[in-house]
Each structure stands twice: as C-alpha cells, then as structure tokens.
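Let's walk through the inside of a protein together. Have a look at the sequence and the 3D structure first, and then we will turn to rings and cores.

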Amino acid sequence: MQINSPVTAVISLYNPSNEAVSNCAALIEQVGHVVAVDDGSPQDTSEILGQLEKLGATVVRMGRNSGIASALNAGIRAARAHPSNPRFIMTMDQDSRLEPGYTRKLLAAYDSATAKSVRVAMVAPGNISGIPTRRRGNIGGTVLGGEPIQSGLLIPVEALDSLGLLMDELFIDGVDTEYYLRARQDGQESIVASDATLDHALGAMVPASIFGVRISVAGRTLPVRTAATYRYYYIFRNRLLLVSRYWRSQPGWALKGILADYRHLAIVTTLAPGRGPRLSSALAGVRDGLRGVSGPRVVR
C-alpha cells in the first residue's frame, strides 16, 4: 500500500526479473507512487509488469529500446500527469533497493539545504553499497555532492521545471553526469544525504589476471571492477560529447573525467579478461564522440 509522500519513484526496466517486483514492493513503502517504464524489453515481460500493476505501480511500455534517459523521461512525464502531483521524482534502476528510511533521509537533507538558501537540483545518498559517494565540501553543514549516479537520486520537480528533462541523445552512461553539469552551470547544487545508503551494484567484479595467470595479494585473488563490454562505447563516446559541451564552464571536471576514464581502461585492459572486445568498444566510442555522434550505437 502506497503512503502519503511527496515523492514519486520512476524505475527503468529492461528484461526485468522477479527481483524488480520485490524491489518495487519495498519502494512502495517509502514513496507516494511508483512509475515503472519497460524500455522495449525483447523478452516477454507481461507477467512481471502485471505484478507491478497489482502492487499499484503505473506501468509505461516503450515501443522500442530507447535508452535510460528516454525511459526515465517517459516515466517522469507519467509521474507528473498522475493525480498524486509529486513535488519530487526519485529515479531508480531495477536492481537497486532502498534501506529503511532512505526517502525520509533524502527529504530531510533537502529541507535542511533549502533552509540555508541552497538551490538544490538533486539529492544523492551518502554511500552506495558501502562505497562513499563523491563530495565537494559543504555549505553551512550541507554536504555538496560531486557527480551522482542516477539510481536513488531525488530530483525536485522545480529543478525539472528550470533545467528540463534528461538528455535523450546520450542513450545510456553520462545521463546523470550531464544533468549534474547542467545544474551546476545554472547555479544549482547536488547535495548528499550523508546518512542514507543505497544497495546498488556498481559493475561486475572479475578476478585479475595477466596472460591467464591470476593475481593474488596476501593469498587472496585480486578483484577488478568492470562494466559490460558494450557500455565502454557509451562511456567513452558520451564523455567526449559532454566535454565538448561543458569544458569551458567546468574545465576541472573535463580533465579529471578524461583522466579517470583512461586510467580505468588501462587497468581493465591490463588485468581483466575480454580485453579485445572492450578496447574495440571504447575506441569506437572515441571515434564517434569526436564526430559528435549521439543516440543508440549503430554497428558498422
């Protein structure tokens, strides 16, 4: 049963499993309404979507796979058209789960910041699966955040009114970063609810190896965090698209972001299996990023 809350959660789905249903059920306990968007899943999702509707969620079905930004934008439009008339939108991935009290903590951080006249564009959790989120200092006790991840992110509707929706053309990867940069350019802030925790997987961990020999430290296999191979195209392409748009206003972010991407690529190329396809994907992204290509990847 959904509660009286100013927050509507928007979840992007792609080939969802029963985990998405249990996550949605937990989410409903903390928000006023849930909108679930199926982003053109190729599998038959009718049973899962039917279960979500029985829970009370509004289900939006996309005609084709349009990417995370388009799916969330469709959900945001549906959320704002709903009679609940939310003051906040919380964007969610299907594999994320909120801790008890999560929404309350983010709303409290928002209220505290606005009481200090901070213009808040988004509120992020203090840590994600035990990993602290990025910070940039504080204003009178309000913790300022760096680039957030979109899952578990609380966005005031008034920020959407002033900034607009997410950038469809990015398709996937960098969507949250672009919104953060757009907000900063407009003098709005990303803040952190330090006491809030989101359960969310940040890539896959694989055993480190060189020439097929696994690397161990103190008798334990060294793990390396990687993304899905296809994601490297979007990571590198979209970084260049965003740098071309924002480097003048935020040169520090542009330089740090490029260095971080290539450092990560060097590490996973050295230590993680799947080097050839991963490098090919990244290089294709660089090529298309330099050409200004956006939208879903067209494999040549």
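Rings of Phe, Tyr and Trp (its six-membered ring) pair if their centres lie within 6.5 Å; planes under 30 degrees apart count as stacked, over 60 as edge-to-face and the rest as tilted. By this rule, there are four aromatic pairs. One of them joins Phe88 and Tyr110 edge-to-face, at 4.8 Å centre to centre and 85° between the planes. This pair links distant parts of the chain, with Phe88 in strand S4 and Tyr110 in helix H4, 22 residues apart; helices (H or I, at least four residues) and strands (E, at least two) are DSSP runs, numbered from the N terminus.

This is a predicted model: local features need pLDDT of at least 70, side-chain atom pairs count only at pLDDT 80 or more, and totals for chains, interfaces and linings use all residues. Residues are numbered from 1 along each chain as its sequence is written, and side-chain values use heavy atoms, leaving out hydrogens and water.

Phe88 and Tyr110 are both buried, where buried means under 20% relative accessible area, exposed over 50% and partly exposed in between (1.4 Å probe, protein chains only). Elsewhere, ring pairs link Phe171, Tyr233 and Tyr234 into a cluster.

Now for the cores. A nonpolar core is a set of buried Ala, Val, Leu, Ile, Met, Phe, Trp, Tyr and Cys residues joined through side-chain atoms within 4.5 Å. The largest one has 41 residues, and Val10, Met122 and Trp253 are among those with the most contacts inside it. Helix H3 gives the largest share of this core, seven residues. Another core, of 37 residues, lies apart from it and includes Ile11 and Leu198.
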